[in-house]
Amino acid sequence: MLQKVWVSSPGSWALQESNSHRQGRKRCWKCRFVRTIIQHPCRRHAPKRSRKERMLRKIQICLCFCFVSGLLYEISLLSSSVFSYLPVAQQYLTPEQVLNLGKSIIFLETTERLEPPPLVSCSVESAARIYQDRPIILFMRGLTNETALDMNTSYAAFSLLSSMKNVFIFPLQMETVFQETPLLQWYNQVVPEQEKNWVHVSSDASRLALIWKYGGIYMDTDVISIRPIPQRSFLAAQKSRFSSNGIFGFPARHKFVWDCMEDFVLKYNGNIWGNQGPFLMTRMLKTLCNLTDFQGTEDHSCQNISFLNPQRFYPIPYPAWGRYYQVWDKSPSFNHSYALHLWNFMNRNRKVVQAGSNTLAEKLYKTYCPTTYEDLIQNAKHRDVPSPED
């Protein structure tokens, strides 16, 4: 039975038999770098054991040594590789290996585009900076295992994100994602070309399946993280008595998420925007909780699920989404927020962050995704300046 293990220095493992014991003296084994006590502590003077007992003791020590060495080797491999960039074409870690850690921050790109726009890049970068001890995963529908994208790609945002040590970019393979969930039957029957809101509906389904299977936090790609979310099981209130599905988090195999997937299939209507998204989350939450209005900045809790105050993610409500792209006399502090949803779906005119505009969004980029701001926005400004010859 293994009782204690001491490690004096990493990478230096050895078990050595003392000289006195080799000479037949009544002294026990000593470990210079790892000391293992099996069954009974070693005594200075002990009765001489038989040859068979000594052999068994040696075997026990060797087995313990091999077990501990193998365990530490596996841990070192995981810790050194989980947050290291590997080009997609040479990816050694599978999505399952990363997701099975159970603490991923998950983003989805369900369009076919391969060049993430600056807001997507900012969302992923800000999460990577805030959650440095967690893997940040961007699943991209347009990416395949055969797609040759690496650090030398012409896609600037892709290269930028790929270079971050805890960011992983994987293909989004929906049929694989929906395995072992109620959504697989729906996916096999639906015809994407006939779906009015397929980009949104497929995203709503994928986020539920991924969080149910692996746990973690899902975030929309227009969410800028500003501080860690302390809750593990939570939904984000968009307003009183109404839940968003743009940000939520649960442990793996949580019953609420499974119930949401069943309701997704049972009440599916792809023609109604949000029916499989925020409306689904809201109606499922109402089956568990008697929702009331928020007072101040307090959160609500029901059935071990935290229903977080709108101030946590939506301090600027969707009717006022354009304020992110305006100049403020004094920028808000967002002291009660964990992240900020920039309402990109409402951005019909495609407002963007421009260097030197001094808008609230530009200040957020500078603070929470400075690499995106420098590489994609500042550099774009310089590229747009005409040369004297022009």
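Predicted model: local features only at pLDDT ≥ 70, side-chain atom pairs only at ≥ 80, totals over all residues.

Visitor: Why is the pair of Phe 178 and Trp 186 called edge-to-face?

Guide: The ring centres of Phe 178 and Trp 186 are 5.9 Å apart, and a pair needs centres within 6.5 Å. Their planes stand at 70°, and angles over 60 degrees count as edge-to-face, so that is the name this pair gets.

Visitor: How do you know whether Phe 178 is buried or exposed?

Guide: Buried means under 20% relative accessible area. Phe 178 has 0% relative accessibility, so Phe 178 counts as buried. Trp 186, at 6%, counts as buried too.

Visitor: What makes Arg 323 a charge over the ring of Trp 328?

Guide: The charged end of Arg 323 is 4.1 Å from the centre of that ring, and the distance cut-off is within 6 Å. Lys 239 also lies over a ring face, that of Phe 242, at 5.8 Å from the ring centre.

Visitor: Which residues touch the most other members of the largest nonpolar core?

Guide: Among the 53 residues of that core, they are Ile 136, Met 219, Ile 229, Phe 313, Tyr 324 and Tyr 365. Helix H4 (residues 118–130) gives the most to this core, with five residues. Apart from it lies another core, of 47 residues, including Phe 178 and Leu 208.

Methods: Residues numbered from 1 in each chain as written. Heavy atoms only, no water. Phe/Tyr/Trp six-rings, centres within 6.5 Å; stacked < 30°, edge-to-face > 60°. Buried < 20%, exposed > 50% of the residue type's maximum accessible area, 1.4 Å probe, protein only. Lys NZ or Arg CZ within 6 Å of the ring centre and 35° of its normal. Core = buried A, V, L, I, M, F, W, Y, C linked by side-chain atoms within 4.5 Å. Helix = DSSP H or I, 4+ residues; strand = E, 2+ residues; numbered from the N terminus.
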